[in-house]
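Please read them with the model open.

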Amino acid sequence: MRNHVASLAVVAVTGLSAVCACSLPASFTDDSAPAGWERLAVDGVVITGPVEPYRPGELIAAGRLDGRECLVDLSVEGVDAGNGEATAKCLPKRDGAPPIPSATALSSNGNVILAVEWQDMADATPPAVWVGHDLDLSRQSLEPGPDADATAFVDAATSGDEGFVVGTTPSAVCPHGAVTAWAVQAHGLSRFGTDGPCVDAGSRSPLHAAAGDHWLLVAGPTFAPGSEPLEGQPTQAWFATADDEDWARTTWHRVDEPAAPDLVSDVVVTADGVVAGSRGDRPALLTVSGGRAVEVDVPDEPLDAEAPTVLVADPGTGSRPVVLAVQARSGVRLWTQRRDGWYAVPGPPGHLTSAVELEGATWLATRGDDGEVTLWVRRRTATDSSPPAYRAEG
């Protein structure tokens, strides 16, 4: 998942955001969307997986450009400013680059790129991760394979100068595998010296991860080795620290949570960590600092029973407000926290898959019943000037 400080504060290197010959202009339409939302349509671009922040004014998405499977780099600076269009190019940017199948997890700090390749868990092939940068990405397998439910959960996380892959591997003390992480090194992926908590394979919740400076936050269906999943607490948050740059000497710590979510749908790290999810089909949001979690008051809006999703578009760093995207019973909602409470506006149609806040705009990806992923934008001027659909006191 994302590290917002890294992804939004990276200084763009001159020429890196220049549009190559394969770039194509974008057009917008607000068909079938509430007021203030526009659908991004770039000729030749098909989005098939997650959308994440990349560099200032840029998004990265799993998909295709002119039929080529790749990571699609979308330059949206003009869109955010309201005075230009989006352009697209394929990554990696080199002749003869291999196709990159649709990813299930994606993360970048503006330099390192990690993409977890989609995998059919019925297949015995170990999951693969694409690791590299905009000019070259190499495919690496996570060993061992998915025996004993290993690698049933795989996520990617980056911070200012580090990248991690998080999954599960067989463990003598965990019946369905333990959380395992790999650090991105110059020679490839290097497995942490110590495995993390056990994973409850029977849980509905996925496992999510995010990285900060020299720490890794993981939240999902986990429990301490040598114990059983706690009744009434189906998820836990843990974080890892290391005594060396290679993460060969790693220590895992359980986060003290007042009330953990039933399902975890997003994890974000800025200076502190943020865990978002649901509890009893209601939103749940916690901040993590110093090994303790504090619950944040959020509106008590019923979520979609089948997919009770809460995504952190912006964790509210500096003077910026917290911005959440949720899959409510009534559809997608965008929430913004202001001094006098939470304000919400109706979101675009579809099932929420990604939420990103860049300078000047909010970007949401939704998947339709036909499986097609659509990218939507709402400029901040529309959110600030439009009357909210309702105000919910937190």
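1. The model is predicted.

2. E29 and E30 pair in the antiparallel sense over 7 bridges. Within that pairing, Ala355 stands opposite Leu364 in E30. The two strands form a hairpin with 2 residues between them, and Gly360 in the turn has a positive phi of about 95 degrees.

3. E30 and E31 also pair in the antiparallel sense, over 7 bridges. Here Thr366 has Thr374 in E31 as its bridge partner. This hairpin has 5 residues between the strands, and Gly371 in the turn has a positive phi of about 90 degrees. How many of the 7 residues of E30 are buried? The count is 6, so E30 is largely enclosed by the rest of the structure.

4. Turning to charged side chains, a search of the whole structure finds 13 salt bridges. One of them joins the side chains of Lys89 and Asp73, at 3.3 Å from N to O. Lys89 lies in strand E6 (residues 87-91) and Asp73 in strand E5 (residues 68-75), so the pair ties together parts that are 16 residues apart in sequence. Buried or exposed, where do these two residues fall? Lys89 counts as buried because its relative accessibility is 2%, and Asp73 counts as buried because its value is 1%.

5. Another salt bridge is formed by Glu117 and Arg139, whose closest N and O atoms are 2.9 Å apart. Glu117 is in strand E8 (residues 113-117) and Arg139 in strand E10 (residues 136-141), so this pair ties together parts that are 22 residues apart in sequence. Glu117 is buried, with a relative accessible area of 13%, whereas Arg139 is partly exposed at 45%.

6. Asp300 and Arg282 form a further salt bridge, with the closest N and O atoms 2.9 Å apart. Asp300 lies in the loop between strand E24 (292-295) and strand E25 (310-315), and Arg282 in strand E23 (residues 282-289), so the pair ties together parts that are 18 residues apart in sequence. Asp300 is exposed, with a relative accessible area of 60%, and Arg282 counts as partly exposed at 26% relative accessibility. Elsewhere, Arg55, Lys93 and Asp134 are linked in a network of salt bridges.

7. The aromatic pairs come to 6. The ring centres of Phe164 and Phe192 are 5.8 Å apart and the planes stand at 85 degrees, so this pair is edge-to-face. Phe164 is in strand E12 (residues 163-171) and Phe192 in the loop between strand E14 (188-191) and strand E15 (198-199), so that the pair links distant parts of the chain, 28 residues apart. Phe164 counts as buried at 0% relative accessibility, and Phe192 counts as buried at 4%.

8. Phe192 has another ring partner, Trp252; this pair is tilted, with 6.3 Å from centre to centre and 40 degrees between the planes. Trp252 lies in strand E20 (residues 250-254), 60 residues apart from Phe192. Both Phe192 and Trp252 are buried. Ring pairs join Phe164, Phe192, Trp247 and Trp252 into a cluster.

9. The charged end of Arg338 sits over the ring of Tyr343, at 4.6 Å from the ring centre.

Definitions and conventions: Residues are numbered from 1 along each chain as its sequence is written. This is a predicted model: local features need pLDDT of at least 70, side-chain atom pairs count only at pLDDT 80 or more; totals for chains, interfaces and linings use all residues. Side-chain values use heavy atoms; hydrogens and water are left out. A salt bridge is a side-chain nitrogen of Lys or Arg within 4 Å of a carboxyl oxygen of Asp or Glu. Helices (H or I, at least four residues) and strands (E, at least two) are DSSP runs, numbered from the N terminus. Buried means under 20% relative accessible area, exposed over 50%, partly exposed in between (1.4 Å probe, protein chains only). Rings of Phe, Tyr and Trp (its six-membered ring) pair if their centres lie within 6.5 Å; planes under 30 degrees apart count as stacked, over 60 as edge-to-face and the rest as tilted. A charge sits over a ring if NZ of Lys or CZ of Arg is within 6 Å of the ring centre and within 35 degrees of the ring normal. Two strands pair if DSSP finds at least two bridges between them.
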